[in-house]
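Dear colleague,

Please find below the structure that I am handing over to you. My findings follow it.

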Amino acid sequence: MSGKVVAVAGATGVVGRQMLLTLEARNFPVSRIKCLASARSLGRTVPFKGEEIPVEVLSEDSFEGVDIALFSAGGGTSKKFAPAAAGAGAVVIDNSSAWRMDPEVPLVVPEVNPEAIKTHKGIIANPNCSTIQMVVVLKPLHDAARIRRVVVSTYQAVSGAGSAAINELLEQSRALLSEQPYPPKVFPHQIAFNCIPQIPQSNAFEDNGYTNEEMKMVNETKKIIGDYSIAVTATTVRVPVLSGHSESVNVETEKKLTADEARALLSKAPGVVVEDDLPAQRYPLAVNAVGKYDTYVGRIREDISHPSALDMWIVSDNLLKGAALNAVQIAEQLL
Ligand code: A2P
């Protein structure tokens, strides 16, 4: 049999299911698939290539003979089981934040720093969803004009918080439209018809007043682009959108770039689509990005408050480029 033995840890989750779909859609050469989740999922199956694959309980013994292990089952699970998987000879591509800032672990967006993959010692980290879609746009601008500072505000979909979060938005919206109460369970506040400037939903805040998600954007951007002199500040916000993260990004560069120059650079950038036609009211929208592999950028304009800065709006499918697709692209590079 040709192809690789691939394990997906968290195969019943929102991202795990997208990983299976993406492997299938991109014809990744899989000789055998192992679908792993918690004991709660024992007896369940998940679809892959027209078959129903029985879910196995994730354990340290799950990785015998596995070539590639895609993890998306939470940070604690990755911390606990990724070393066992790597020890058994698999290359782990981990979607959690557990290993991202470990200096021994490459943090990879294939369009930005594919060369980092070669340095892996068994674990490769998949970056934060909001960071991935931002850096694919920042990298060509940095190469052309050296970015000094980035100010980003995000508008993040609930699917980034898993299946329970999607259900909460849908059920809470239905309840409130029928004038029924629906107290928050997953989110710290009402998410339907609201915006919550706190990600993640628990233990979010660091001593400096930023959330973990905001500090991920700050630290991961520098590591992926490989330039720790870039200043980054972020405000990350959960909005009542099912899928597709949007970002308002202000980019200050050393060398001035006009909006036309930025559009020209970005239209040649891999994985990026410029969608910027103001008379037609065309700009990136979360609802249009869902199911797509690309990252969309528009509303590109010169910042009127600064001699050398641009404003832009960046949108991508957080479950695809922000998670499953980026992980599968890393696996493709490993081949
Ligand atoms: P399970 O479905 O058995 O709970 P989501 O974020 O979409 O809710 O999905 C989380 C994924 O991570 C699910 O596949 C879930 O499995 C899996 N998961 C969570 N905790 C564990 C664990 N301790 N061991 C194995 N899988 C886990």
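Is Trp 313 buried, partly exposed or exposed? The model is a predicted one, and in it Trp 313 has a relative accessibility of 22%. Buried would require a value under 20%, and exposed a value over 50%; Trp 313 therefore counts as partly exposed. This residue belongs to strand β13, which covers residues 309–316.

The remaining findings concern the ligand. The ligand is located in the largest pocket. Around the ligand there are 15 residues, of which Thr 12, Val 14, Ser 38, Arg 40 and Ser 41 come nearest. By type, this shell comprises 5 nonpolar residues, 9 polar residues and 1 charged residue.

- Thr 12 places a polar side-chain atom 2.5 Å from an oxygen atom of the ligand.
- Val 14 has a backbone N or O atom at 2.8 Å from a ligand oxygen atom.
- Gly 10 likewise has a backbone N or O atom, at 3.2 Å from an oxygen atom of the ligand.

As for its surface, the ligand taken alone exposes 580 Å², and the protein buries 70% of that area.

Yours sincerely

Notes
Residues are numbered from 1 along each chain as its sequence is written. This is a predicted model: local features need pLDDT of at least 70, side-chain atom pairs count only at pLDDT 80 or more; totals for chains, interfaces and linings use all residues. Side-chain values use heavy atoms; hydrogens and water are left out. A residue is near a molecule or strand if one of its heavy atoms lies within 4 Å of it. A polar contact is a pair of N or O atoms within 3.5 Å; within protein, one must be able to donate a hydrogen and the other to accept it, and residues adjacent in sequence count only if both atoms are side-chain atoms. Accessible areas come from the Shrake-Rupley method with a 1.4 Å probe; for residues, only the protein chains shown count as cover. On a 1 Å grid over the protein atoms alone, a cavity is a set of points where a 1.4 Å probe fits but cannot get out, and a pocket is an open set with protein on both sides within 12 Å along at least five of seven lines; lining residues have an atom within 4 Å of a point. A molecule sits in a cavity or pocket if more than half of its atoms lie within 2 Å of its grid points. Ala, Val, Leu, Ile, Met, Phe, Trp, Tyr, Cys and Pro count as nonpolar, Asp, Glu, Lys and Arg as charged, and the others, Gly among them, as polar. Helices (H or I, at least four residues) and strands (E, at least two) are DSSP runs, numbered from the N terminus. Buried means under 20% relative accessible area, exposed over 50%, partly exposed in between (1.4 Å probe, protein chains only).
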